[in-house]
Amino acid sequence: MDTTPFERHESQVRGYCRAYPTVFASASNAHQVDEDGKRYIDFFAGAGVLNFGHNDPAMKEAIIAFLQADGVAHSLDTHTTAKRDFIERFHEVVLAPRGMDHRMQFMGPTGSNAVEAALKLARRTTGRREVVAFTHGFHGMTLGSLAATANDAFRQWAGVPLENVVRLPFETAPGGAEALEAYRAALQDPSSGLRPPAAFLVETVQAEGGVNVASAEWLVRVQEVAHEVGALLVVDDIQAGIGRTGSYFSFDGMGLDPDIIVLAKGLGGFGTPIAMTLNRPEVDDHWAPGAHTGTFRGQGISFTAGRVALDHFTDDRLMSAVRAKGEVMASRLSELARTLGDERWEVRGRGMMQALDTGDGDLAREVQREAFERGLLIGPCGPEGRVLKLIPPLTIEDEVLAEGLDLLEQALAAAGG
Ligand code: PMP
């Protein structure tokens, strides 16, 4: 039987999800166009990487200038102008205005690499092994980060042990708030046999886990408990950070001061890979040269685009637009839940990470398929994949956002929602 080029190539990549059966050829801001010229609105944005849209003109120009000047494309640990300029700009735009004296470490290109580094650093700093992570958390697919990830199917598939992870219910899970206090009390009771942990690893909004939003109060309590028991607070801001929730860090203004922050995804701005840990100076002292190496952790193109991306945070225009568009998304989803849904449907989110929990994985997948047919890219997440997560580029135009929400409504109606 004849196969299409799509089937020939994609069928060899068995690890892919293959949710969007076409071949994309070009992209601009919140649109992608496939080889047949069909246009799609992108509510997936490369799994939250393309916060500034596809092919941002200013970043594109900077990358072209970098190439024309024969910039150092790969630098590993050596210093380069692209790396220096990124570091200086990051300091100027992100750290200095917040009075933060965290140090930057560039890790391998992915979020998982940076989570691994954060876990190692926490263990090294405290001399302890256990890490507290939370139900429905997602921290990556490498063995250490996967152990901290709550998805049981992913872990079972790879036979990942939980020896060094204590998993507590997230705030929004049943018994969430009480579990933290019970764990704290148990740690203080020698008869529990519990060893104090090296770190508490937490997302402020659990993105892959179904868009579960923690309150500032609970997060501050996690920080207090962590410090009380001599552990570090590690915030995984890989998906919720870099403007997604309406401020650079998702925890801005909450009274949190994490010992380690992990960033990746949107950090390179253009979809160009780069990941980083930010750690307090006291923690930083525990790094030894060469203690955590990796070949790909100094990409000139990523530093160049990432530096330009920081321009978005020098005034409040983008962040106030994120807050306004987030409200549009949330209110439209609430309306859809009211008109099309049943009592299981719930709307959750912060800023421009908004979600509709349909309570039904098959329905969510059907909506994803119907949306694709209509020219909308959207990805399910959460338990059984039942949660439709909307993470368009932060720069999506108002009318494109409205059009995408219309397509979602049609897809929900067609899927029998
Ligand atoms: N942490 C969070 C919160 C994430 O959302 C992800 C990716 N979905 C990761 C870690 C892992 O990042 P990467 O896929 O780049 O390894």
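Modeller: Two strands pair if DSSP finds at least two bridges between them; strands (E, at least two residues) and helices (H or I, at least four residues) are DSSP runs, numbered from the N terminus. The model is predicted: local features need pLDDT of at least 70, side-chain atom pairs count only at pLDDT 80 or more, and totals for chains, interfaces and linings use all residues. Residues are numbered from 1 along each chain as its sequence is written.

The sheet is open and consists of 4 strands in the order E13-E14-E17-E16, with antiparallel pairing. Strand E13 (346–350) and strand E16 (379–381) each have a single partner strand and stand at the edges, so one side of each is left without a neighbour in the sheet. From one strand to the next, the twist averages 30 degrees; angles run from 0 to 180 degrees between N-to-C directions, and axes are lines fitted to C-alpha atoms, for helices over the stretch in contact.

E13 and strand E14 (residues 353–357) run antiparallel and are joined by 5 bridges. Val347 has Leu356 as its bridge partner in E14. Helix H12 (residues 317–340) packs on the sheet, where it touches E13, E14 and strand E17 (387–390); two residues are in contact if their C-beta atoms, placed from the backbone, lie within 7 Å. The direction of H12 makes about 5 degrees with that of E14. Helix H13 (residues 361–374), in turn, lies across E16 and E17 and runs at about 165 degrees to E16.
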